[in-house]
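Subject: Structure for your files

Hello,

Here is the structure I said I would pass on.

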Amino acid sequence: MKIRELFDKKTVFSFEVFPPKNTSSIDVIYRTLDDMSGLNPDFISVTYSAGGSGNGGLALDITSKVDSLGVIPMLHLPCINYTKSQIDDIICKAKEQGIENILALRGDINPNIPPVKEFAHASTLIEYLKTKGDFDIAAACYPEGHPDSDSLEDDVDNLKIKVDSGADHLISQLFFDNAYFYNFRELMAKKGINVPVEAGIMPVVNKKQIERMVTTCGASLPHKFVKIMQKYENNPEALRDAGIAYAINQIVDLVAGDVDGIHLYTMNNAYVARKISEAVSGIIGI
Ligand code: FAD
């Protein structure tokens, strides 16, 4: 089933997982997916390495597992480090597996890997995918602007190109202050971008995640969020519960604000996905 068909019917609720590191067993993520599928997400998306880590093949295996559990899979496809023939190969395998839903991405530019640039932007990949079959195509968007852009306004102008190229719906980068998302939605409407947008929510539930947030993520950390993280950073159980509660509060507010969907960055944590799903099931209608 194509994900774009869901938005007219309900507030879409989806999970994102990533393939395990090469050292970790695939069975761990398979067990996680067994648990997550029982939570009835509308779809589960699987990240794909932009090149370098070599775990791209696992993403296809994992989408296949998602499908076997009766959940709609979405395959992420970053293009910047792949040649056209490598992209063709992935599309061909995706088709063989019956994958209908693809999140078309540029991928981050790794300073140690010179980009191939046959597909310089996600929009180029989207145009190409349109010639390759009837895929449902999603694209990424950035409520606080993409770090490569000079301004949020410039980034939204580029987002318009991406949507005009054929993106059916969007999934946002994570954010911790819903005001950025509402402002972004207004800006999109002003620029004539009308496709559904899922809000990306990342429950921050351990100290390692906090450190990563602070150094790499680019999302603004509101005072309220920092205060909570500082208070509980040395108490793992309290931090986990506080992170879950913070994400639930964000979701409740977003649903009240008529969000099209919630995309949960689960970090492969079925416990966290369960707690959040249970808490919001009534308001989202899971
Ligand atoms: P683009 O849409 O190409 O945008 C990148 C930059 O170029 C932006 O500044 C944009 O404004 C500008 N731009 C876009 N189009 C044009 C144009 N036509 N002309 C001029 N400038 C333009 N990365 C992975 O490697 N694997 C994953 O699985 C993955 N999953 C993700 C899932 C989500 C929901 C999100 C939000 C991100 C994900 N990423 C993933 C990260 C993503 O690849 C990076 O954020 C990357 O830097 C940008 O990708 P993009 O598709 O948004 O790129």
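This is a predicted model: local features need pLDDT of at least 70, side-chain atom pairs count only at pLDDT 80 or more; totals for chains, interfaces and linings use all residues.

The ligand site

The ligand has 25 residues around it, and the nearest of them are D108, Y142, S149, D155 and K162. By class, eleven residues of this shell are nonpolar, nine are polar and five are charged.

- H76 places a polar side-chain atom 2.9 Å from a nitrogen atom of the ligand.
- A122 uses its backbone instead, with an N or O atom 3.0 Å from an oxygen atom of the ligand.
- N158 has a side-chain N or O atom 2.9 Å from an oxygen atom of the ligand.

On its own the ligand has 970 Å² of accessible area, and the protein covers 86% of that. Two or more residues of the shell come from each of these elements: β3 (72–78), β4 (101–105), α4 (122–130), α5 (152–164) and β6 (169–174). Which element gives the most to the shell? That is α5, with four residues.

The helix pair

Helix α4, one of the elements in the shell, also packs against helix α3 (residues 84–96). The axes of α3 and α4 are 12 Å apart and meet at an angle of about 55 degrees. An angle from 65 to 115 degrees would count as roughly perpendicular and one under 35 as roughly parallel, so α3 and α4 are oblique to each other. Their crossing is right-handed.

Regards

Technical notes. Residues are numbered from 1 along each chain as its sequence is written. Side-chain values use heavy atoms; hydrogens and water are left out. A residue is near a molecule or strand if one of its heavy atoms lies within 4 Å of it. A polar contact is a pair of N or O atoms within 3.5 Å; within protein, one must be able to donate a hydrogen and the other to accept it, and residues adjacent in sequence count only if both atoms are side-chain atoms. Accessible areas come from the Shrake-Rupley method with a 1.4 Å probe; for residues, only the protein chains shown count as cover. Ala, Val, Leu, Ile, Met, Phe, Trp, Tyr, Cys and Pro count as nonpolar, Asp, Glu, Lys and Arg as charged, and the others, Gly among them, as polar. Axes are lines fitted to C-alpha atoms, for helices over the stretch in contact, and angles run from 0 to 180 degrees between N-to-C directions. Angles under 35 degrees count as roughly parallel, over 145 as roughly antiparallel, 65 to 115 as roughly perpendicular and the rest as oblique. A crossing is left-handed if the near helix is turned anticlockwise from the far one by less than a right angle, and right-handed if clockwise.
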